[in-house]
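User: I have a model open and want to go through how its parts pack. Can you take my questions as they come?

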Amino acid sequence: MKTSVRRSFIAAGQVQGVGFRPFVYRLAREEKLTGLVGNTSDGVRIEVQGEAANITRFGKRMLAEAPPLARITALRDKNLPSLPDEKGFVIAKSAGRFGHNVLVSPDTGICADCRADMRDPINRRFAYPFTNCTNCGPRYSITSSIPYDRTTTTMRCFPLCPDCAAEYADPADRRFHAQPIACSVCGPRLWFVPKEMAEKGMAESCPATANQRAAIAGACQTLLSGGILAIKGLGGFQLACDARDGAVVRELRRRKFRPHKPLALMVGDVITARALCALTSGHEALLQSLGNPVTLCPRRKDTSLPAELAPDVDNLGLMLPYTPLHAAIFDRLAMSASTPPVLVMTSGNPCGEPLCLGNREALARLADMADAFLFHDRDILTRVDDSVIALVPASPSDAGRPLFFRRARGYVPHPIFLPEDGPPVLGVGAELKNTVCLTRGTRAFVGQHIGDLENPAAINFFEEVVERLETLLETRPKAIVCDLHPDFFSTRYACERAAGEGLPLWRLQHHAAHAAAVLAENNCYHAALALCLDGTGLGDDGNIWGGEVILMDISKGRWQRVGRLTPFPLPGGEAAIREPWRCALALRQQCGTVRPSAAPWEREYAHAVSSVREMLARKTNCPLTSSCGRLFDAVAAQLGLCLVTSYEGQAAIRLEAAADAELATALAVGSMKNNAWALPTAENGGLFNLDITRLFARVLESLDQSQPVAAIAAHFHASLALGLADMAARAAAVAHVRKVGLSGGVMQNGIMALLLPICLRERGLEPLAHHELPPGDGGLSLGQAVWGRRMLAGMK
């Protein structure tokens with residue numbers, strides 16, 4: 001007779017709300033084991049009893065065959081006394097306590113099985129816009145606390161009908177213990193409200209039999225007739241219109257006060273995406289991944305889509321339907337449209353403000369933008385915008401690695417794993433593209449994209465995200481880290497909170513935070529360099545930095561600036577950020593000699609030019625900057641590509657789009673290396689300076705020689721990449737390090753993201769790039785939080 005043994009397992013990580021308990025239940029039954037499985041604050045607790053060989057096999061299969069959304073970060077086990085009278089295997093009631101070891105799953109796009117249910121006329125969820133199962137559906141945006149059960153989500157107010165209850169209780173069903181489970185009988189309702197009804201007030205905008213019956217049909221008719229539709233989506237409202245209709249795209253831009261910034265598109269399937277863009281296997285994999293991000297793809301030259309969708313770039317931001325509601329809209333449109341539908345699907349918010357969350361809020365804030373509204377009554381607890389990702393090849397022939405522009409839906413709240421335990425610290429980010437980061441144990445949780453903290457609505461959202469993370473993680477910080485700039489809202493928040501709660505506060509310089517972020521993301525805690533290239537950040541010398549070589553040792557809590565771009569004046573301060581021609585004029589004058597090359601701004605801004613020249617002569621309101629971003633702006637303006645911006649980074653984006661990327665690659669790492677412009681690096685008092693005045697002079701010389709803009713832009717990118725790599729190599733030799741992090745918004749430039757790592761490798765250095773966070777300010781809060789943990793450790 002074989003001896004029966006009993007063993008317990010605790011699986012920590014992303015194991016709640018992902019079908020893990022049903023999976024364990026089925027696995028235990030297959031291995032002929034008795035016992036139980038249940039959610040706890042420590043993770044999923046499992047007790048199994050049976051033959052020792054079966055239990056061993058059960059443990060191995062649990063790791064190897066886990067559900068697609070599950071992430072087991074730790075699995076602890078121990079032997080228990082056997083229970084002689086136990087019969088069967090059960091799912092136990094959840095148990096919780098304050099302080100937990102569970103990861104909340106991000107919201108996940110609709111799976112193939114649920115999409116098939118919606119298209120099956122005899123399925124009871126045919127065309128139902130809120131279907132889901134354990135492999136897909138809302139999670140983070142609807143969850144209030146852990147353990148993850150229906151009662152801790154916004155689905156608690158939808159009691160299950162008998163059919164859904166039977167599926168929920170059936171271990172053989174893929175909806176077994178799927179917490180957001182619903183159908184048309186018991187689940188959320190969808191209704192359509194045209195603008196004329198919405199204008200009569202909320203009473204006319206509530207669900208009624210008439211506006212529910214034909215909700216999808218009414219929404220699609222709005223889109224087909226050239227209207228703009230506000231859709232209550234997964235993490236907030238979206239504004240949609242027919243992307244093939246140039247007139248409505250222009251009208252949407254007018255209403256949103258968004259004249260140039262690219263608009264995201266949604267297509268029904270990969271086949272349609274292929275018709276619009278030249279997709280690689282990497283693009284297709286990313287489009288169809290669990291995160292379902294907006295994927296930046298190279299636009300086909302023969303596509304008939306209007307140029308107004310993305311006037312500054314050759315890419316289109318594409319995504320597939322990631323909710324059943326999106327799928328229902330596309331299925332209906334496909335029945336009526338003569339060509340595959342393509343929709344603009346952009347954030348439902350006034351310019352610069354957060355997403356609208358609730359129905360009443362959308363009626364008030366989107367009244368001037370939408371021609372109709374598609375509402376539902378499943379509450380959204382946490383607003384989460386779409387993630388945006390590009391692919392950057394590691395070499396000219398490589399398929400590419402993901403490069404985040406915005407990290408939110410589908411990825412938050414996945415943590416960044418830290419090498420050791422430590423106290424909770426809050427990093428509050430910067431002013432633009434803000435995120436916050438809260439550490440707990442061996443994990444750092446970077447919240448969703450918040451945006452620019454420039455208005456009360458964005459500031460409220462910032463505070464919402466901080467409170468949300470602390471509530472969900474059941475953690476409060478023991479210290480706070482903020483930016484050096486005293487006027488940032490995030491800095492003021494950190495100072496006031498730290499003073500009010502008696503917490504230690506550290507102010508970490510902007511580019512040091514960038515360095516800490518990229519190094520920590522790559523698990524590099526010893527001495528290393530980081531090239532931090534962005535627009536602006538207040539330096540500890542009072543000047544504006546942005547093209548820096550930082551030497552950092554996180555383990556010792558030390559950093560110093562060891563290199564920079566040669567400074568130049570920024571006439572008018574922030575005005576020069578909005579008007580790149582000012583940067584170009586400053587660099588022209590710094591070059592010293594009068595050149596025949598035209599100044600494209602002279603005629604249009606003649607009066608302002610005179611004032612700026614006087615500013616420069618008197619050195620009035622002309623702070624010095626070493627900003628790489630402002631250098632890109634200056635070159636773009638000098639080439640006539642962008643004199644005034646309508647969104648942050650526009651000039652640099654146009655410069656990248658104008659460059660001959662193949663020529664840039666050949667100049668930097670290919671057959672034409674000898675033709676790149678040589679940039680001298682000088683050393684003064686231990687600080688290396690890369691001469692970008694000489695670089696700008698070469699741009700002027702090329703214009704004097706009537707060289708094409710595409711070639712000049714290519715030479716600029718290649719020469720800058722080579723010069724930065726040379727400066728890094730000299731600094732690395734002095735510091736006796738080999739690793740070089742790459743961070744800052746400039747690293748979202750595809751040409752620089754390709755060339756700089758190759759140039760560094762050719763000099764015997766090891767480049768470290770961001771791979772889970774944006775290189776811009778959206779990833780900076782991680783560096784702040786990691787630095788704060790090291791500072792706290794030093795206080796012991």
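User: What stands opposite Pro 194 in S14?
Analyst: Ala 372 in S14 is opposite Pro 194. Bear in mind that this is a predicted model.

User: How many bridges join S7 to S14, and do they run parallel or antiparallel?
Analyst: Five bridges join S7 to strand S14 (residues 372-376), and the two run antiparallel.

User: What's the strand order in the sheet they belong to?
Analyst: The order is S7-S14-S8-S9-S13-S10-S12-S11-S15-S16, an open sheet of 10 strands with mixed pairing. Its edge strands are S7 (190-194) and S16 (401-406), each of which pairs on one side only. From one strand to the next the twist averages 35°.

User: Which strands does H7 touch there?
Analyst: Helix H7 (residues 215-224) packs on that sheet and touches S7, S8 (229-232), S9 (237-242), S13 (342-347) and S14. The direction of H7 makes about 40° with that of S7.

User: And H11, what does that lie across?
Analyst: Helix H11 (residues 324-336) lies across S7, S8, S9, S10 (265-267), S13 and S14. H11 runs at about 150° to S13.

User: Switching to the six-strand sheet. What order are the strands in?
Analyst: S17-S20-S19-S18-S21-S22, again an open sheet with mixed pairing. Strands S17 (416-417) and S22 (505-508) are the edges, each pairing on one side only.

User: How do S19 and S20 pair?
Analyst: Strand S19 (residues 437-440) and strand S20 (residues 443-446) are antiparallel, with four bridges. Arg 440 is opposite Arg 443 in S20.

User: Which helix packs on that sheet?
Analyst: Helix H14 (residues 489-501), which touches S18 (425-427), S21 (479-483) and S22. Its direction makes about 155° with that of S21.

User: OK, hairpins. What's between S24 and S25?
Analyst: The hairpin has four residues between the strands, and Gly 557 takes a positive phi near 65°. Strands S24 (residues 544-553) and S25 (residues 558-565) pair antiparallel over six bridges. Within that pairing, Val 549 has Gly 563 in S25 as its bridge partner.

User: How is S25 joined to S29?
Analyst: By three bridges, with S25 and strand S29 (residues 687-690) running parallel. Asn 689 in S29 is the bridge partner of Arg 564.

User: What is Leu 720 in contact with, sequence neighbours aside?
Analyst: Leaving out neighbours within four places in sequence, Leu 720 contacts Cys 628, Leu 631, Phe 632, Leu 679, Leu 690, Leu 695 and Met 752.

User: Last topic, H1 and H2. At what angle do they cross?
Analyst: The axes of helix H1 (residues 20-30) and helix H2 (residues 52-64) cross at roughly 145° and come within 10 Å. The crossing of H1 past H2 is right-handed.

User: Which residues meet in that contact?
Analyst: From H1, Phe 20, Phe 23, Val 24, Leu 27, Ala 28 and Glu 30; from H2, Phe 58, Arg 61 and Met 62. By class, the contact has seven nonpolar, no polar and two charged residues.

Methods:
Residues are numbered from 1 along each chain as its sequence is written. This is a predicted model: local features need pLDDT of at least 70, side-chain atom pairs count only at pLDDT 80 or more; totals for chains, interfaces and linings use all residues. Side-chain values use heavy atoms; hydrogens and water are left out. Two strands pair if DSSP finds at least two bridges between them. Contact means heavy atoms within 4.5 Å. Axes are lines fitted to C-alpha atoms, for helices over the stretch in contact, and angles run from 0 to 180 degrees between N-to-C directions. A crossing is left-handed if the near helix is turned anticlockwise from the far one by less than a right angle, and right-handed if clockwise. Ala, Val, Leu, Ile, Met, Phe, Trp, Tyr, Cys and Pro count as nonpolar, Asp, Glu, Lys and Arg as charged, and the others, Gly among them, as polar.
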